Amino acid sequence: MLAIERKNLILAKLQKENKVVVSELSQMFDVSEETIRRDLEKLDKEGLAIKTYGGAVLNENNNTELPFTVRENTNVSQKQKIAEIVAGLIKDDSTIMLDASSTALFVARNIKHKKNITLITNSIEILVELADVSGWNILSTGGTVKEGSLALVGHQAEKMLSSYHVDIAIVSSKGIDSIEGFSDSSETHSEIKKKMLDCAFKKILVVDTSKFDRISFKKIGEISDLTTIVTDCEPSDRWKKVFDSAKVEYLYPGKQE
């Protein structure tokens, strides 16, 4: 196994369990504990993990973008639940925008049976995923490839988005807070997401409940800027009141209105 593959698997385990133990990782990957310690040191220096005695914990305050391959394989069941709900909101002949999040990729996979869709995205992964779909009009934003994220960002991408109006924009965020709104770890991603929402009649945020009560680096917008929030399980009563106060529709499995 290549070192980068091992690093991504360690990151995925950290995302899922919030901590890792050197001795367990050593056995899992059949490498020395010293090799694992070096891996964890690199993750610590990159701001992705915090080394502890005998292991490491996830850096909850991290503003570094995780590799797409790690994000795609994290919280898979939650993303699938969200994607199924969003797919039900998209009708044939719709015009939509999808950001470069891993959740958006799950949405793309769940709407491939729709007819005559016009889709605009800055996600290289989504463009590849939909390459075999016939009868659709698929547009790429163009722009600069952001390292590790398989996303197109920058002025060119933002300018392209500004020239369109769509029925639905679907974006994700790294955090959502009742006071500070919703936010992302990357300024370049945040600007793209904000632009997509500005171009859409229906503005959908897809976010699992682990992102609730979290604030990330760059604010995307206020909760009241959205029309719909789709999440993986029923929000708390406090969050329901927040959404009701902002006049935002909220959907979760078992509640599809």
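This is a predicted model: local features need pLDDT of at least 70, side-chain atom pairs count only at pLDDT 80 or more; totals for chains, interfaces and linings use all residues.

**Entry 1: the whole chain.** I counted off 10 helices and 15 strands in the chain. I then checked the radius of gyration, which comes out at 19 Å, close to the 18 Å that the globule rule gives for 257 residues, so the chain is as compact as a globular protein of that length. The C-alpha trace spans about 55 × 40 × 35 Å along its principal axes. I looked up burial too: 51% of the 257 residues count as buried. Of the contacts with a separation of 6 or more, 60% are between residues 24 or more positions apart.

**Entry 2: the sheet with strand 1.** I found an open sheet of 3 strands here, in the order 1-3-2, with antiparallel pairing. Strand 1 (19-21) and strand 2 (49-52) stand at the edges; each has a single partner strand, so one side of each is left without a neighbour in the sheet. On average, neighbouring strands are turned by 20 degrees against each other, direction ignored. Strand 1 is joined to strand 3 (residues 55-58) by 3 bridges, and I noted Ala-56 in strand 3 as the bridge partner of Val-20. Helix 1 (residues 3-17) packs on this sheet and touches strand 1, strand 2 and strand 3. Its direction makes about 125 degrees with that of strand 1. Helix 2 (residues 22-29) lies across strand 1 and strand 3, at about 70 degrees to strand 1.

**Entry 3: the sheet with strand 10.** This is an open sheet of 3 strands as well, ordered 10-11-13 and paired antiparallel. The edges are strand 10 (175-177) and strand 13 (218-221), each with a single partner strand, so one side of each is left without a neighbour in the sheet. Here the neighbouring strands are turned by 35 degrees against each other on average, direction ignored. I saw 3 bridges between strand 10 and strand 11 (residues 181-184), with Gly-181 in strand 11 as the bridge partner of Asp-177. Helix 9 (residues 187-198) packs on the sheet, touching strand 11 and strand 13, and its direction makes about 5 degrees with that of strand 13.

**Entry 4: Lys-255.** Is Lys-255 buried or exposed? It counts as buried, because its relative accessibility is 15%. I placed Lys-255 in the segment after strand 15 (249-251). Its side chain reaches the backbone oxygen of Tyr-250 at 2.8 Å.

Definitions and conventions: Residues are numbered from 1 along each chain as its sequence is written. Side-chain values use heavy atoms; hydrogens and water are left out. Helices (H or I, at least four residues) and strands (E, at least two) are DSSP runs, numbered from the N terminus. Buried means under 20% relative accessible area, exposed over 50%, partly exposed in between (1.4 Å probe, protein chains only). A polar contact is a pair of N or O atoms within 3.5 Å; within protein, one must be able to donate a hydrogen and the other to accept it, and residues adjacent in sequence count only if both atoms are side-chain atoms. Two strands pair if DSSP finds at least two bridges between them. Axes are lines fitted to C-alpha atoms, for helices over the stretch in contact, and angles run from 0 to 180 degrees between N-to-C directions. Contact means heavy atoms within 4.5 Å. The radius of gyration is taken over C-alpha atoms; the globule rule is 2.2 Å times the number of residues to the power 0.38.
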